[in-house]
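Dear colleague,

Please find the structure below. My notes on it follow.

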Amino acid sequence: MTNLALTDEILMSIDKPARYIGQEVNMVKKDLNTVDVRFAMCFPDVYEIAMSHLGIQILYDMFNNMEGVYCERVYSPWTDLDEIMRKDNIPLFTLETQSPVKDMDFLGITIQYEMCYTNILQILDLSNIALLASDRAEDDPIVIGGGPCTYNPEPIADFFDIFYMGEGETQYQALIDLYRKNKANNCSRNDFLLAAAKLPGMYVPKFYDVDYNEDGTIKSFMPNTEGVPTTVTKELVMDLSDTVYPEKPLVPYIKATQDRVVLEIQRGCIRGCRFCQAGMIYRPVRERSIEFLKDKAIKMLKNTGHEEISLSSLSSSDYSKLPELMDFLIEELKGKGVNISLPSLRVDAFSLDVMSKVQDIKKSSLTFAPEAGSQRMRNVINKGLTVEDILNGCSLAFNGGWNKVKLYFMLGLPTETEEDMKAIAELSELVAEKYYEIPKSERNGKVMVTASSSFFIPKPFTPLQWAPMCSKDEFQRRAYVVNDRMKEMLNRKSLKYNYHDPDVSIIEGLLARGDRKISKVIMKVYEKGGIYDAWGEYFNYDRWLEALDEANIDLDFYTTRQRNLDEIFPWDFINTGVTKEFLKREWNNAMNEQVSPNCKMKCQGCGATMFKGGICFEDKN
Amino acid sequence: MKIRIKFTKTGPIRYIGHLDVMRYFQKLNRRADIDVKYSAGFSPHQIMSFAAPLGVGLESYGEYVDIEVNTTISSKDAIEALNAASVEGITVTGYVKLNDSAPNAMSCVVAADYKVKIKDNYKPAASNIKEAFEEFLRQSSIVVEKATKKSVMEVDLRPLIFDAYMDDNGDFFMKLSTGSAQNLKPELVMDAFYKYLGEEMNEFALNITRLEVYGQNITKDDSGNIINTEIIPLEKFGEIIE
């Protein structure tokens, strides 16, 4: 039986001890005598969030299918245990064998959102691994980062030995083979990192130097060691129907945020919304074959016993075989008590028909993401959704019995005027009015329209990466404009308006487009006790302001400043396939309120054809 | 058709809460291809009833859940299928068919057996513990204060202790009143015993294992008169399926 790293006394005095015991269904057990490379896979947030992440499940399965490799998991201890571990000097441990993380060969950290950066330091610190890569000893684990935030790794570059750029399925075997070879030849940590830096997709920050101009912008970003490439090209899987995918995902005991089978139907998105980073960095769109998906769906449901399956992608309606897949699942799961959930569906006759079959209309709400209230603003961000699309979708839905609608918007978009802000309230009103066009006798009670706005944060590798962000006060003011307008609407009693906390958005903006100097700020925030910044109750804006002040960093330089089109960005050394020329073209189209067709309609020449596959080459054989 | 499943909860799994054990069984039944009956409606769920929820941190060799199935395989095959799909620590040891009229696990529970181990660092300072425990039990009443949600009230534990002794290894065994009517937890008995010794019990002093849960079986004659009542393990209410 497994010995737990924590005593009974500790486990009985903390919230949800099941977060720390491992032993879940489908957990991989290995005889350590047959293992020569130990990999700790980390998601730097609490267990329930971490266990909901598909990427970790894919990599966990992939690593554990490699001969001689044992992949274990480690997540952020919640604040109650964090305190006890510091007080009692308990080293952070893996869930599988409850071994100290420091005993591992690799610590891989997936970085999904900027606000988890302080938790990365928590993980390193509790593991007794030096926070700065430059301070690490020969036998410390190699700390490797991956995930969407690595598309600007610079603010956290000092904390990592390697960043793996792109999709994890392709290069890890080569990296591990290299590690073994290095060990067999008795070579140093530095020798390994140098060799790794020459593998495709690997960015080793220590082999690059940054020079700055007097105004604080980047002058040059160059390798400082011979043989290290000047640009790092992201890795990606070109045939998503012939690759690893877990058939036995882990099943947690406590309810995870995603307590269901997740079936990833495709990667990438054809839409080209100009604010969306995922829509750019995962290009080109690649679908998984229907046969692959059917096979995995059945096996995963059987092996987990989950009562729900969710289709996952950036825009499920764009999957070419969606009707066939839905028919198959509905037929196959009939009478088995398994629900089907379909996030990111466009609302149209087909999706409403499917939803009425798989969901309880009375309880479910319809979700639209117009992202902006006015057509002008939607043209700027290239969101190809018109008022007619939204109102027609609502009309169909209302006649089908739905009476709850959620609308998602962004505030603070470039060129946004007072009219654009007010249009958020006005569009919400039009939706409510559409409902009351139905004769009273046929209505299903009152309608509830919930409009939510987040604040626009410019992200690297998007056409809006040059845009200035609003200040905190300006964000607040714009939210008030929307709110006031909401109150003037005829159906105001059917409208509800929520907006995000501008403080968090500002810091997220700082981290999203930050450079290497920002690592000092993150370090200071952590030293002041900052962890779990992604959690409202632990985020402390003043702590960030203090840290910025002490590090002598100007917040506005990173957030509200208008960037020049020829500025060198911290992330420019990464090649995502999408060229800077294309992004500039799209930035100009945005400023001219010009809409660009999507990938299926007409190729925009973004550069993703360099990967020689996916949608770029469909119907062109 | 009603089925009663008996299972263990031992090792690290003891830190899983009761609601999570329920969720675990819903998924386990699916993995093991048990032909469970679902409720009607848009979010169908399995019809399930657990006997006496076990606290977090306690181990058990006598947990029970009642389920409803459309059809079933033999007890032996079902136990095999469930264990093949289960984890270390949760082992199914029984699968029996109940009469349709049988009361569900939750409502017929009257008693449970516990084994209580005191961890080395927390043993009472007093000597002759075994004799002291016997004396403690010889009292006609053991009144303790029990905090409820609203107030503190006095409860006499003695009538709720059906049987108890300490063995030669220093482990305590006790059969205690359990269920919705009168529920006595073993830690309350031990706490009262420490107080009897004039000592304070640490909240982490005990390792508690539930060994069995019992229900009251009432036999009636043809005209409805009760002719016999007995306390039997919940498992014995059902029949093994061949």
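In this predicted model, helix α4 (residues 129-138) of chain B and helix α5 (residues 186-196) of chain B have axes that come within 10 Å and cross at roughly 105 degrees. That makes α4(B) roughly perpendicular to α5(B), a label given to angles of 65 to 115 degrees, where under 35 is roughly parallel, over 145 roughly antiparallel and the rest oblique. Axes here are lines fitted to C-alpha atoms, for helices over the stretch in contact, with angles from 0 to 180 degrees between N-to-C directions. Helices (H or I, at least four residues) and strands (E, at least two) are DSSP runs numbered from the N terminus.

On the α4(B) side, I129(B), A132(B), F133(B), E135(B) and F136(B) meet V189(B), A192(B), F193(B) and Y196(B) of α5(B); contact means heavy atoms within 4.5 Å. The residues of this contact divide into eight nonpolar, no polar and one charged. In that scheme Ala, Val, Leu, Ile, Met, Phe, Trp, Tyr, Cys and Pro are nonpolar, Asp, Glu, Lys and Arg are charged, and the others, Gly among them, are polar.

Next, the interface. In chain A, 38 residues are in contact with 25 residues of chain B. The two chains bury about 2700 Å² between them, 57% of it on carbon and sulfur atoms; buried area is the accessible area (1.4 Å probe) lost on putting two parts together, summed over both. Eight salt bridges are found across the interface of chain A and chain B, each being a side-chain nitrogen of Lys or Arg within 4 Å of a carboxyl oxygen of Asp or Glu. One of them joins K27(B) to E307(A), with the closest N and O atoms 2.5 Å apart. Between chain A and chain B, 17 residue pairs are in polar contact (both at pLDDT 80 or more). A polar contact is a pair of N or O atoms within 3.5 Å; within protein, one must be able to donate a hydrogen and the other to accept it, and residues adjacent in sequence count only if both atoms are side-chain atoms. On the side of chain A that touches chain B, α1 (8-11), α9 (290-304) and α11 (349-358) each supply at least two residues. The residues of that side divide into 14 nonpolar, twelve polar and twelve charged.

Over all chains, the whole structure has 63 salt bridges. In chain A, D295(A) forms a salt bridge with K299(A), the closest N and O atoms being 3.1 Å apart. These two residues are separated by about one helical turn because they are four residues apart in helix α9 of chain A.

Finally, two backbone points. The peptide bond from R283(A) to P284(A) is cis, with omega near -5 degrees, and P284(A) is in the loop between α8 (278-281) and β12 (286-287) of chain A. N89(A), though not a glycine, has a positive phi of about 55 degrees.

Residues are numbered from 1 along each chain as its sequence is written, and chains are lettered from A and ligands numbered from 1 in the order written. Local features need pLDDT of at least 70, side-chain atom pairs count only at pLDDT 80 or more, and totals for chains, interfaces and linings use all residues, while side-chain values use heavy atoms, with hydrogens and water left out.

Regards
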